[in-house]
Amino acid sequence: MRRIIPVFAAGSLLYLLGAMTRCGIPGAWFAELQREFGASASAVAALASTRAAATLGCTLLAAPLIDRRDGARMCAAGGGILACGLGLGAIAGDFPLLLAGAAIEGVGLGWLYLAVIRLADRSFDRRYFSLVLGFFYLAAYGGTALGNAPFAAACGAWGRSAFFGSLAPLAAGLGLFLYFRRGQDPAAEQGRGFFNLKRRHFNGFNLRFLYCGAFNVGVYWFIQNVIGKKYLEDVVQLPAGTAGGVTGMMSLIVMVEMVFAGSVSFWCGNRRKPFWVLGSGLLLLGVAGLFAGTFFPPGEAVARVFFGCLGAGYGVSGLYIVSCREYLPKELVASSVGLLNALANLGLIAVSQLTGFLLDAAGQGAEGRYPAYVYALVFGGLLAGAAAGFLFSWFHPETRGRNRAAAFARLSGQTEIDKNNSFFAIVFSRPRVSGWNQEKRKPAAAPASRPPNTSA
């Protein structure tokens, strides 16, 4: 156990570096990138969507490999890829090269995320998985917090290229440390990754679960990395530094909540559902507030409340990642988490690109601000998705920290995806028996009939 802790800590620190640059580019440095490269809003937004597309491809292709290989070696590979992306970003003199660096960073981030979670799953007891994952999220969202105002201050003081150039050797050094610590991970269980996720696993329980988890992850990162700071500057009319402080506050809320949500869930008997419902409700409240703000611009204090609701709502949704090992086969943790993140990144790509096109079509006003109706269109769509997620969260069965993949498949015979079931029936289905974790009730045996009396 003691030997695996430095490996876990180094992998988490690597992810912190990647999370900081993911949030900073383009979120905290949006207008500066437009000026530096003469790029349009859709081109700068493409940095986020390109990184998300690379993460999406990595999670789909690398998850089966990560499920079967040494955790330290997989973390070292992710660190090496991340260092290459940071180095390319440091020497980028034109926008296509910066875009290529963002894509390589996305591959490294996706790889590291799955590798560290799989390492934690194999190295620590099931009962404490949510606690251990909380420390990983402390590093991950600490990086996100650093990617707002601190990232902008560092780039402003030293220059973006010099700052990236200092991060690349640090990532490479951590990757080398992890490479020489390989072999200390318990033997991986053999599996075939996504090929082992059979049709019976995609029942109504898991469809609702995957939608809520993917939507919560995607909408938070879209607001944090792409549109949040620009919304505050254009709609609320905050200075750039103050706007970065608001999004940084949201990251701090997420960081604290990610750490303590797992602990509180553990102390409550590993209950999950109350946190899912609470998180989806707070996320819905935050998106509704930002949507209303496009018609009635709020002050800084009210904007902080809405962004705080977004952070608080997403903070408890980290338990969706924990429960991937409870809703889907436990030997395929990296593949299950990869599937959820692939869906989240797919949504992030689509919404980021659509938002960039809408902003370019509307054009900037005299003061360099985009019109409020564009933000109303974007947040109106997110509001509909958040309302659906809040509704679905009430249908999640409780797990109490135990794997229920077989039980869901057994109790959801009517929810399997086939030609006889509509999507509505699949998503809103309930178990056939009362109590999702009970066996199917067998009909009572008929009483034995008496033999006919043949006596005279």
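## First stop: a pair in α9

Select Lys-229 and Glu-233: they form a salt bridge, with the closest N and O atoms 2.8 Å apart. Keep in mind as you look around that this is a predicted model. Both residues belong to helix α9, which covers residues 204-234, and they sit four residues apart, about one turn of the helix. Lys-229 is buried, and Glu-233 is buried too.

Stay in α9 and pick Lys-230 and Asp-234, again four residues apart, about one turn of the helix. A salt bridge joins this pair as well, and here the closest N and O atoms are 3.9 Å apart. Is Asp-234 buried or exposed? With a relative accessible area of 7%, Asp-234 falls under the 20% cut-off, so it counts as buried. Lys-230 has a relative accessible area of 8%, so it is buried by that cut-off too.

## Over to α12

How many salt bridges does the structure hold? There are three, and one of them is waiting in helix α12, residues 300-316. Select Glu-300 and Arg-304, whose side chains meet at 3.2 Å, N to O. Along α12 they are four residues apart, about one turn of the helix. Now check how open they are: Glu-300 is partly exposed at a relative accessible area of 33%, and Arg-304 is partly exposed at 27%. Both values lie between the 20% and 50% cut-offs, which means neither residue counts as buried.

## Looking down α2

Next, select helix α2, residues 30-37, and color Phe-30, Leu-33, Gln-34 and Phe-37, which are buried. Turn the view until you look along the axis of α2: the buried residues fall within an arc of 105°, so they line one face of the helix. Before moving on, click on Gly-38, which follows α2 and has a positive phi, near 60°.

## Last stop: α10 and its kink

Finally, select helix α10, residues 240-267. Its 28 residues reach 41 Å from the first C-alpha to the last, close to the 40 Å expected at 1.5 Å a residue. Where is the kink in α10 centred? Zoom in on Phe-260: the kink there is about 25°. Then step just past the end of α10 to Gly-269, where phi is positive, at about 80°.

Key:
Residues are numbered from 1 along each chain as its sequence is written. This is a predicted model: local features need pLDDT of at least 70, side-chain atom pairs count only at pLDDT 80 or more; totals for chains, interfaces and linings use all residues. Side-chain values use heavy atoms; hydrogens and water are left out. A salt bridge is a side-chain nitrogen of Lys or Arg within 4 Å of a carboxyl oxygen of Asp or Glu. Helices (H or I, at least four residues) and strands (E, at least two) are DSSP runs, numbered from the N terminus. Buried means under 20% relative accessible area, exposed over 50%, partly exposed in between (1.4 Å probe, protein chains only). The arc is that of the directions from the helix axis to the C-beta atoms. The expected span of a helix is 1.5 Å times one less than its number of residues. The bend at a residue is the angle between axes fitted to the seven residues ending there and the seven starting there.
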